[in-house]
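Colleague: I have a model open and would like to go through it with you. Can we start with the words you use?

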Amino acid sequence: MNTVENPGFASEYILDNFEPTDRIAMLVLHRDFGETIQRITSAQKAASPEFQAWLRYKNANGSDIYIGMNPLRQDASTRTKEDIVSIRHVYLDLDHGGPEAVQSLENSSAVPKPNYVLTSSPGKFQVVWKVEEMSLDEAEGLLHAMAREFNGDPAATDATRVLRLPGFANKKYDTDFYVEARRASTETYHLRDFKLHIDSQDSPRHNHYSRPKTQSSPRAILSQSEHDWAFAKRALARGDEPEEVIRRIAERRATEKHDPGDYARRTVTKAQADLASQARTDGEAVARGKDGDRG
């Protein structure tokens with residue numbers, strides 16, 4: 001467990017990833033108190049000594065510190081997709097595989113060298129690439145493709161995602177773990193630099209227009225709860241323990257839900273019921289097939 005605090009790097013990290021006048025979202029989350037504070041401000045102010053001192057105070061008193069990775073409109077008061085003014089980053093959450101997963105990614109020809117690799121907690125990493133001239137749909141299609149290719153967190157595939165801010169402590173553990181960042185590249189990338197196949201389901205806008213016209217109310221993008229439900233079904237189907245699936249969903253939605261534990265439990269319960277219903281249906285179909293063979 002690391003114990004080294006490096007608060008000065010947070011300001012450097014912010015100004016390296018954003019223009020001073022960019023409007024960005026800073027999120028302060030205290031899980032024990034259920035307190036969530038979002039501040040939308042300029043990158044220059046977020047990196048200022050005064051703002052950083054406030055973040056350090058909140059962190060020292062139990063709050064986790066996060067930063068939105070794409071700038072918002074000048075008049076934005078929320079962090080929604082409609083508020084995003086441009087795509088500056090794509091990223092990947094690697095919760096499994098440890099350092100070997102990061103090494104495999106960095107050795108891969110499918111993606112360019114990342115700009116930053118954050119160690120967000122022991123054995124878990126957040127990988128960040130600077131990009132430009134990429135639409136929101138292209139970015140989210142790429143996020144899905146990278147999560148699939150490198151076994152990343154499928155829930156971390158939206159352009160409004162917040163990541164941990166280096167230099168601050170991860171407060172989920174009994175002992176503080178200070179988030180570290182390793183700079184691996186200074187390049188800014190384009191969509192063509194990522195050699196991944198983006199399936200139709202990874203491209204929301206393409207998926208919207210390619211649906212049969214007979215369908216009513218087509219949905220271009222899965223909702224947050226639909227993503228989590230699909231993840232829970234996959235995890236349960238491969239034999240993961242329900243409590244572990246609940247824990248992982250709750251962690252992913254800790255910054256977005258008032259009661260992430262309750263939300264996660266309801267999601268997993270729904271997924272279990274759906275899998276059980278599918279199993280009954282499949283069993284009945286097999287039984288009917290066997291009865292037919294007897295005739």
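Modeller: Contact here means heavy atoms within 4.5 Å. Keep in mind that this is a predicted model.

Colleague: Fine. What is the strand order in the open sheet?

Modeller: The open sheet has 4 strands in the order 2-1-3-7, and the pairing is antiparallel.

Colleague: Which strands stand at the edges?

Modeller: Strand 2 (35-42) and strand 7 (162-164) do; each has a single partner strand, so one side of each is left without a neighbour in the sheet. On average, neighbouring strands are turned by 30 degrees against each other, direction ignored.

Colleague: How many bridges join strand 1 to strand 2?

Modeller: There are 8 bridges between strand 1 (residues 23-30) and strand 2, and the two run antiparallel. One of the pairs is A25 with I40, the latter in strand 2.

Colleague: And what does helix 3 touch?

Modeller: Helix 3 (residues 49-60) packs on the sheet and touches strand 1, strand 2 and strand 3 (64-68). The direction of helix 3 makes about 165 degrees with that of strand 2.

Colleague: Changing topic: where does R164 lie?

Modeller: R164 is in strand 7.

Colleague: Is R164 buried or exposed?

Modeller: R164 counts as buried, because its relative accessibility is 6% and the cut-off for buried is under 20%.

Colleague: Which side chains does the side chain of R164 make a polar contact with?

Modeller: The R164 side chain makes one with the side chain of Y66, at 3.1 Å, and one with the side chain of N170, at 3.3 Å.

Colleague: What else is R164 in contact with, leaving aside neighbours within four places in sequence?

Modeller: The contacts of R164 include R31, D64, L118, Q126 and V179.

Terms used:
Residues numbered from 1 in each chain as written. Predicted model: local features only at pLDDT ≥ 70, side-chain atom pairs only at ≥ 80, totals over all residues. Heavy atoms only, no water. Pairing = 2+ DSSP bridges. Axes fitted to C-alpha atoms, helices over the stretch in contact; angles between N-to-C directions. Buried < 20%, exposed > 50% of the residue type's maximum accessible area, 1.4 Å probe, protein only. Polar contact = N/O pair within 3.5 Å; in protein donor to acceptor, adjacent residues only side chain to side chain.
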